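Student: Could we go through this structure together? I would like to start with the metal site and then turn to the sheet.

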Amino acid sequence: MKEHYPFILKELPYNYDALEPYIDEETVRIHYNKHLKTYVDKLNETLETYTMYHNFSLETLLCNLDKLPRKIRESVRNNGGGVFNHNIYFSILERKGSKKPIGNIEKAIQKEFNTYEQLVEKLRNEANNLFGSGYAWLAMDNNKRLKVVTTRNQDTVLAINLYPILLIDVWEHAYYLKYQNRRARYTDNFFNIINWEKVEENYNNGVKYFNRVLNIPN
Ligand code: MN3
């Protein structure tokens, strides 16, 4: 989370075919090498001559969009958001590991949604009903409570003061080759390939993030 300009295409933490049969190899290949790479390249292009922003993290830029020059604001929103959102997306997926929430995230889900199944239902409903392109998120608010929200296009939850824990990409490019218009089949299968170890790490980092924000120095 400390990266700044020039942004890099982060290494995919598994092979292109690692999410089969739920997400097919070709989709992962195009999603990562074409879509994510384009967001990275365009973000760097946009910031190239704006050296005053070269030391800011992507998170800082995305939390302060309204303070950026009008000329680059929309590009940072869309391409910066594209980089940020896809880095989370690819990092929380895998085939191995726990198929259910573990540790602190399991407890937090029970507290907020009662059961894992109820969380899945809520996330799937939001993902399936989101009109057009965007994301369904599990995110943390500044009271360290979990929420399910959606964002449009490449908007992030950072911009609405939430910390990202997990997201489902419901842009058609995330599923169309295999599922065509059947988004609900994709979102159903998505829960077979979540890396809950990584999601718990995000949860724990969210707690630290808001502890820091809320901490009154002595
Ligand atoms: Mn995508």
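Predicted model: local features only at pLDDT ≥ 70, side-chain atom pairs only at ≥ 80, totals over all residues.

Student: Which residues coordinate the manganese ion?

Tutor: His31 (NE2), His86 (NE2), Asp169 (OD) and His173 (NE2) do, at 2.0 to 2.2 Å. Donors are N, O and S atoms within 2.8 Å of the metal (3.2 Å for Na, K and Ca); water is not among the atoms, so sites may look incomplete.

Student: What spacing do the donors follow along the chain?

Tutor: The spacing is H-x54-H-x82-D-x3-H. His86 in helix α3 (residues 70–91) and His173 in the loop between β3 and α6 (176–179) lie 87 residues apart, a pair that links distant parts of the chain. Helices (H or I, at least four residues) and strands (E, at least two) are DSSP runs, numbered from the N terminus.

Student: Is His86 buried or exposed?

Tutor: His86 counts as buried, because its relative accessibility is 0%. Buried means under 20% relative accessible area, exposed over 50%, partly exposed in between (1.4 Å probe, protein chains only). His173, at 18%, also counts as buried.

Student: Now the sheet. What is the strand order?

Tutor: The order is β2-β1-β3, in an open sheet of 3 strands with antiparallel pairing. Two strands pair if DSSP finds at least two bridges between them. β2 (146–152) and β3 (163–169) are at the edges with a single partner strand each, so one side of each lacks a neighbour in the sheet.

Student: How many bridges join β1 and β2?

Tutor: Strand β1 (residues 134–140) pairs with β2 over 7 bridges, and Tyr135 stands opposite Thr151 in β2.

Methods:
Residues numbered from 1 in each chain as written. Heavy atoms only, no water.
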